[in-house]
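Have the coordinates open and try each task before reading on.

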Amino acid sequence: HYYYNCITGINGLNADGPVVLVYPNPATNQLAISSMQSASGEIEIYDLAGQKVFALPLNPLKGTSASVDVSNFANGIYFVKAKTRDGIKTQKIIVQH
């Protein structure tokens with residue numbers, strides 16, 4: 001299931017796959033990605049053309065988080081893909097400088 005918290009602007013991916021929070025959305029210079037469960041795998045960010053623009057391995061330790069510098073990303077829509085042994089979840093994000 002996908003949820004969106006209107007008050008904080010935090011998007012998350014959960015349910016049958018990895019639980020990952022991606023915020024803020026829209027992002028300007030930094031994008032925070034947090035894993036809320038113990039998982040190993042990878043976080044990938046793709047542009048609309050399907051080109052991978054970022055990849056981050058997920059540490060199997062609970063509470064993994066990272067800050068992604070998106071200041072060099074062009075304005076537009078991107079997709080954050082969380083890939084773990086539990087499945088693959090994709091979320092749309094917007095980069096707006």
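**Exercise 1.** Which residue in strand 8 does Tyr 46 stand opposite?

Solution. Before starting, note that this is a predicted model, where local features need pLDDT of at least 70, side-chain atom pairs count only at pLDDT 80 or more, and totals for chains, interfaces and linings use all residues. Residues are numbered from 1 along each chain as its sequence is written, and side-chain values use heavy atoms, with hydrogens and water left out. Start with the strands, which are DSSP runs of E with at least two residues, numbered from the N terminus. Strand 5 (residues 41-47) and strand 8 (residues 76-84) run antiparallel and are joined by seven bridges; two strands pair if DSSP finds at least two bridges between them. Across from Tyr 46 you will find Phe 79.

**Exercise 2.** Work out the strand order of the open sheet of four strands.

Solution. The order reads 6-5-8-9, with antiparallel pairing. At the edges are strand 6 (52-58) and strand 9 (87-95), each pairing on one side only.

**Exercise 3.** Is His 97 buried, partly exposed or exposed?

Solution. First locate His 97 in the segment after strand 9. Its relative accessibility is 46%, so His 97 counts as partly exposed (buried is under 20% relative accessible area, exposed over 50%, partly exposed in between, with a 1.4 Å probe and protein chains only). Next, look at its contacts (heavy atoms within 4.5 Å): not counting residues up to four places away in sequence, His 97 touches residues including Thr 28, Val 70 and Phe 73. Finally, the side chain of His 97 reaches the backbone oxygen of Thr 28 at 2.8 Å.

How values were computed. Polar contact = N/O pair within 3.5 Å; in protein donor to acceptor, adjacent residues only side chain to side chain.
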